[in-house]
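Welcome! Open your viewer, switch to a cartoon view, and keep the selection tool at hand.

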Amino acid sequence: MAQQIRIALRNCGKLDPEKIEQYIAQSGYLALEKALFDNKPEDILKLIIDSGLRGRGGGGFPTGIKWQAAAKQKSDEKFVICNADEGDPGAFMDRAVLEGDPHSVLEAMTIAGYCIGANKGIIYIRAEYPLAIERLNVAIDQAYKMGFLGKNIMGTAFSFDISIKLGAGAFVCGEETALIKSIEGKRGEPIVKPPFPAEKGLWMKPTIVNNVETYASVCPIIVNGLEWFRGVGTEKSPGTKVFALAGKINNVGLVEVPMGSTLREVVYEIGGGIKDGKEFKAVQTGGPSGGCITKESLDTPITYENLIQIGSMMGSGGMIVLDEDDCMVNIAKFYLEFTLDESCGKCTPCRVGNTRMFELLEDITEGRGTQLTITKLETLANTIKKASLCGLGQTAPNPVLSTMKYFKHEYEEHINNKKCRAKVCRELLTFEIVADKCVGCSLCARNCPVFCIHGEPKTPFVIDQKACIKCGSCVEKCNFDAITVS
Amino acid sequence: MQIKNREDLKKYRESAIAGKTASDKNIKLLVGLGTCGTAAGADMVWAKLENKIKSDKISGVELVKVGCVGYCYAEPTVEVVYPDGESVLLGNIKEDNALDVIELHVKKKTNNASNIIKTNIASNIFKNGGKK
Ligand SMILES: Cc1cc2nc3c(=O)[nH]c(=O)nc-3n(C[C@H](O)[C@H](O)[C@H](O)COP(=O)(O)O)c2cc1C
Ligand code: SF4
Ligand code: SF4
Ligand code: SF4
């Protein structure tokens with residue numbers, strides 16, 4: 001039986017997030033104590049590098065290496081940023097950590113500051129998370145009062161401040177360079193890397209940006225040691241990952257599993273399987289930047305590399321489970337519409353290219369698609385991936401490419417047979433009255449918004465297919481199940 | 001209290017652990033009050049439990065406000081942790097069945113109630129159990 005192991009979520013649901021004494025009683029601030037009193041910054045840096053901890057915000061970049069790059073820089077000022085923008089649709093891992101255990105993030109940020117030689121930390125969090133912000137504020141206040149933050153922490157020479165910066169909830173502001181611009185009070189638009197933030201970040205000073213869950217995983221490594229951490233997960237992806245399970249799954253919620261667990265374990269053993277006994281179709285991971293994972297890959301161990309190899313990605317941990325009632329073309333369209341809305345518009349491939357891709361998808365779902373539409377989609381997707389400036393544009397075509405790869409037959413059905421097997425794309429549906437079942441009550445006709453159902457009372461009614469706008473209200477109204485959709 | 005050196009922290013941690021040990025002698029009701037729990041009505045459940053504990057003068061019970069436990073499909077959730085370390089996680093606790101928590105799980109120790117999602121969820125991941 002698959003087991004959850006809670007590292008990042010170790011205290012969530014176990015202690016009162018507004019009581020620092022409960023955090024301390026659960027080994028809280030023990031990692032900071034060890035770091036400041038028993039170790040030099042280089043020692044902790046080495047420990048984090050050797051632990052193999054990788055960023056949990058999407059890319060999986062080795063955390064220690066990032067810290068080292070910033071530590072090497074000579075500068076009068078450096079910054080530690082916590083990325084709590086969490087913009088993936090359906091994701092709420094970071095919110096849960098901040099609401100359930102805010103001190104774990106503050107403590108880790110302070111340790112990061114000690115490692116890289118920074119004295120300022122900033123938590124960039126979306127204003128849509130009022131409870132998380134409130135609990136963070138309480139925690140920051142407590143940490144200052146007790147001397148875990150501020151000048152000369154616990155009487156040592158090290159000083160560190162943390163403040164909160166509220167974001168307006170734009171997806172692109174989760175991208176680290178756009179996030180930095182936003183903190184500087186400028187428009188949240190990404191800039192070209194290099195230079196990387198570790199060299200020139202906030203106010204052109206060396207800056208590390210890490211995800212909430214990444215920070216939440218740091219302290220246990222320092223307290224328990226790297227062998228312990230490396231004992232969980234896989235060789236290249238040690239530790240655990242938190243996933244937000246959503247969609248057509250019985251146990252919607254948060255799970256934290258060792259890296260290398262399989263999708264089957266997550267979906268069936270922990271997630272309780274598909275809702276209403278329906279058939280599993282795919283799981284979308286990596287949100288709008290990722291792709292879908294199909295039945296064939298249910299037993300693939302979940303690691304950064306494996307997910308990329310099958311055309312998806314780890315992403316921040318959103319997992320949307322899809323069943324037979326989901327149309328894959330429509331899913332691709334949904335994600336593309338999201339990125340389209342969230343594109344900052346700075347560069348043409350992303351701004352215009354994704355708009356065109358969206359229109360092509362609309363052509364397919366509305367019955368105007370041809371083979372040429374597919375070819376155009378493929379060409380555009382590859383151009384956008386190569387020519388966009390930031391991760392948003394570079395990954396925007398992924399959901400389309402991945403569904404085209406694994407569900408080509410669904411695209412073809414839409415194009416060649418003008419059929420949507422999941423009965424989602426309304427324009428492709430046909431509503432018909434089964435004469436044998438229809439009692440001629442006229443209820444449907446009276447409710448049809450375009451009055452396209454005709455007939456004499458007590459004899460079977462007929463739908464005028466040309467005039468039908470496929471609104472579906474007749475199906476809902478009929479008490480005799482006499483109207484079929486195909 | 002301001003921690004000015006390592007000794008201070010050590011003392012504070014000892015007293016925090018002593019406080020925890022003392023409160024572990026109570027039956028604890030951990031109510032999930034994250035955004036998800038609150039949206040599902042967990043604060044009403046909290047109020048109901050609080051009133052009942054007061055009005056019936058039930059002793060040895062402690063209400064604890066906690067964050068999201070992850071079982072969003074079954075919010076609001078209440079985890080009952082007994083002094084012996086055993087626990088049951090109860091799901092779908094609404095205003096109308098909130099008092100079952102007291103009747104079935106505080107006054108008695110029912111292990112087969114329909115609202116139980118899980119029992120004995122492992123908690124502390126720290127090797128030394130929080131001590132040094
Ligand atoms: C469009 C876009 C949105 C992003 N959104 C987030 C986000 O919400 N949270 C996050 O931690 N990282 C996000 N990232 C990744 C960040 O740029 C950065 O890589 C990450 O915060 C680094 O932290 P980590 O190494 O701890 O994962 C986003 C990237 C892109 C391209
Ligand atoms: S790729 Fe899109 S989001 Fe990124 S900079 Fe270009 S237009 Fe903006
Ligand atoms: S689907 Fe709507 S428009 Fe078409 S026949 Fe039924 S009610 Fe009329
Ligand atoms: S509502 Fe149903 S039974 Fe009545 S006329 Fe329409 S199709 Fe026939």
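Here is a tour of the model, one selection at a time.

**Before you start**

This is a predicted model, in which local features need pLDDT of at least 70, side-chain atom pairs count only at pLDDT 80 or more, and totals for chains, interfaces and linings use all residues. Residues are numbered from 1 along each chain as its sequence is written, chains are lettered from A and ligands numbered from 1 in the order in which they are written, and side-chain values use heavy atoms, with hydrogens and water left out.

**Stop 1: the domains of chain A**

Colour chain A by its domain assignment: domain 1 (20-230), domain 2 (240-323), domain 3 (328-417) and domain 4 (430-485). Such bounds come from an automatic or database domain assignment. Now look from domain 1 of chain A to domain 4 of chain A: their centres, taken over C-alpha atoms, are 60 Å apart.

**Stop 2: ligand 1**

Select ligand 1 and show what lies around it. Its shell holds 18 residues, and the closest are A:Gly57, A:Asn83, A:Asn210, A:Asn211 and A:Thr214; a residue is near a molecule if one of its heavy atoms lies within 4 Å of it. Which elements of chain A each supply at least two residues of this shell? They are β4 (207-211) and α17 (391-395), and β4(A) gives the largest share, three residues. Helices (H or I, at least four residues) and strands (E, at least two) are DSSP runs, numbered from the N terminus.

Colour the shell around ligand 1 by class and you will find three nonpolar, nine polar and six charged residues. Here Ala, Val, Leu, Ile, Met, Phe, Trp, Tyr, Cys and Pro count as nonpolar, Asp, Glu, Lys and Arg as charged, and the others, Gly among them, as polar.

Next, draw some distances from oxygen atoms of ligand 1 to polar backbone atoms: 2.7 Å for A:Gly57, 3.0 Å for A:Glu86 and 2.9 Å for A:Glu176. Of the 610 Å² of accessible area (Shrake-Rupley method, 1.4 Å probe) that ligand 1 has on its own, the protein covers 87%.

**Stop 3**

Select ligand 3. Of its 14 surrounding residues, the closest are A:Cys448, A:Cys468, A:Cys471, A:Gly472 and A:Cys474. By class, the shell around ligand 3 has eleven nonpolar, two polar and one charged residues.

Then move to ligand 4, which 13 residues surround; A:Cys438, A:Cys441, A:Ser442, A:Cys444 and A:Cys478 are the closest. How many charged residues does the shell around ligand 4 have? None: it has eleven nonpolar and two polar residues.

**Stop 4: backbone details**

Most residues other than glycine have a negative phi, and most peptide bonds are trans. With that in mind, zoom in on A:Pro194, in the loop between α8 (176-183) and β4 of chain A. A cis peptide bond joins A:Lys193 and A:Pro194, with omega about -10°. Step on to A:Pro195: the bond from A:Pro194 to A:Pro195 is cis too, with omega near 0°.

Now go to A:Asp276, in the loop between α12 (263-270) and β7 (280-285) of chain A. Its phi is positive, near 55°.

**Stop 5: chain B**

Finally, select chain B, which has four helices and five strands. Trace the chain along its sequence to follow the pattern α-β-α-α-β-β-β-α-β. Its C-alpha atoms fill a box of roughly 50 × 30 × 25 Å, taken along the principal axes.

Notes. A polar contact is a pair of N or O atoms within 3.5 Å; within protein, one must be able to donate a hydrogen and the other to accept it, and residues adjacent in sequence count only if both atoms are side-chain atoms.
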